[in-house]
Amino acid sequence: MEQDTDETGDGDSLQAQLLIAMPSMQDERFQRSVIFMCSHTADAGAMGLMINKQLPNLQFADLARQLDIEAENSPPITMHFGGPVETGRGFVLHSDDYHRDATVPMAEGVSMTATVDILRAMASGAGPGDAILALGYAGWAPGQLEQEIQRNDWLHCAADSDIIFEVALDSKWEAAVRRIGIDPAMLSMQAGRA
């Protein structure tokens, strides 16, 4: 009988983890990024949402107009760059106080919904208490993320809803690095091997 050789078996999957870019990251799109990992399997690869990069030239009102959503009295909603793949596709990473049929629990206190209904709820003030609205996502082919980790491009730690929702955008990277127990000032720009 053949054994399943899933290289990201239960103990190795980065699903519900925070992926943290090392200072030596060469790809400018991912420099100092923190990514919430939504899925990670050996067969399908990995998918995550960047949680610390704002889209400066897009407002929620613009998106609402495109989707014919009334947003005149909506609370302020920051638009995030979720990653470079399918940048026209939207995802809402949110607190678990909002749940509909299309909502997927991700981690303790964190869920994801990718339907227009959550945008309508957010526009009317009836959405989740905490939310990150991201356009696009970060994606990796099977084995690609593992290679990048071996190359010292990424660190990772368990997801923390405070880092995801409460920490200011420009402080999330440092907070995630400290969550691992590392002083951000101690990370070298040069990756080395022992």
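Q: Which residues does Met37 touch, leaving out those up to four places away in sequence?
A: Start with what a contact is: heavy atoms within 4.5 Å. In this predicted model, Met37 touches Leu14, Gln15, Ala16, Gln17 and Leu19, along with Ala46, Met47, Gly48, Trp140 and Leu145.

Q: Where does Met37 sit in the secondary structure?
A: Met37 belongs to strand E2, which covers residues 34-41.

Q: Is Met37 buried or exposed?
A: Read the relative accessible area against its cut-off: buried means under 20%. Met37 has 0% relative accessibility, so Met37 counts as buried.

Q: How far apart are Met37 and Ser13, in sequence and in space?
A: Compare the two separations. Met37 and Ser13 are 24 residues apart along the chain. Their C-alpha atoms are 9.5 Å apart in space.

Q: What joins the side chains of Asp160 and Arg179?
A: Look for a pair of N or O atoms within 3.5 Å, one able to donate a hydrogen and the other to accept it. Here a polar contact of 3.1 Å joins the two side chains, Asp160 and Arg179.

Q: Where are Asp160 and Arg179 placed?
A: Asp160 is in the loop between strand E9 (154-158) and helix H4 (161-166). Arg179 lies in helix H5, residues 172-180.

Q: What else do Asp160 and Arg179 touch?
A: Set aside neighbours within four places in sequence. Asp160 is then in contact with Leu18 as well as Arg179.

Q: How many helices and strands does the protein have, and what pattern do they follow?
A: The protein has five helices and nine strands. Along the sequence the pattern is β-β-β-α-β-β-β-β-α-β-α-β-α-α.

Q: How compact is the protein?
A: Compare the radius of gyration with the globule rule. The radius is 17 Å, close to the 16 Å that the rule gives for 194 residues, so the protein is as compact as a globular protein of that length. The C-alpha trace spans about 55 × 50 × 25 Å along its principal axes.

Q: What share of the residues counts as buried?
A: Of the 194 residues, 43% count as buried. The protein exposes about 10,600 Å², and carbon and sulfur atoms supply 45% of that area.

Definitions and conventions:
Residues numbered from 1 in each chain as written. Predicted model: local features only at pLDDT ≥ 70, side-chain atom pairs only at ≥ 80, totals over all residues. Heavy atoms only, no water. Helix = DSSP H or I, 4+ residues; strand = E, 2+ residues; numbered from the N terminus. Buried < 20%, exposed > 50% of the residue type's maximum accessible area, 1.4 Å probe, protein only. Rg over C-alpha atoms; globule rule 2.2 N^0.38 Å. Areas by Shrake-Rupley, 256 points an atom, 1.4 Å probe, with all protein chains shown as cover.
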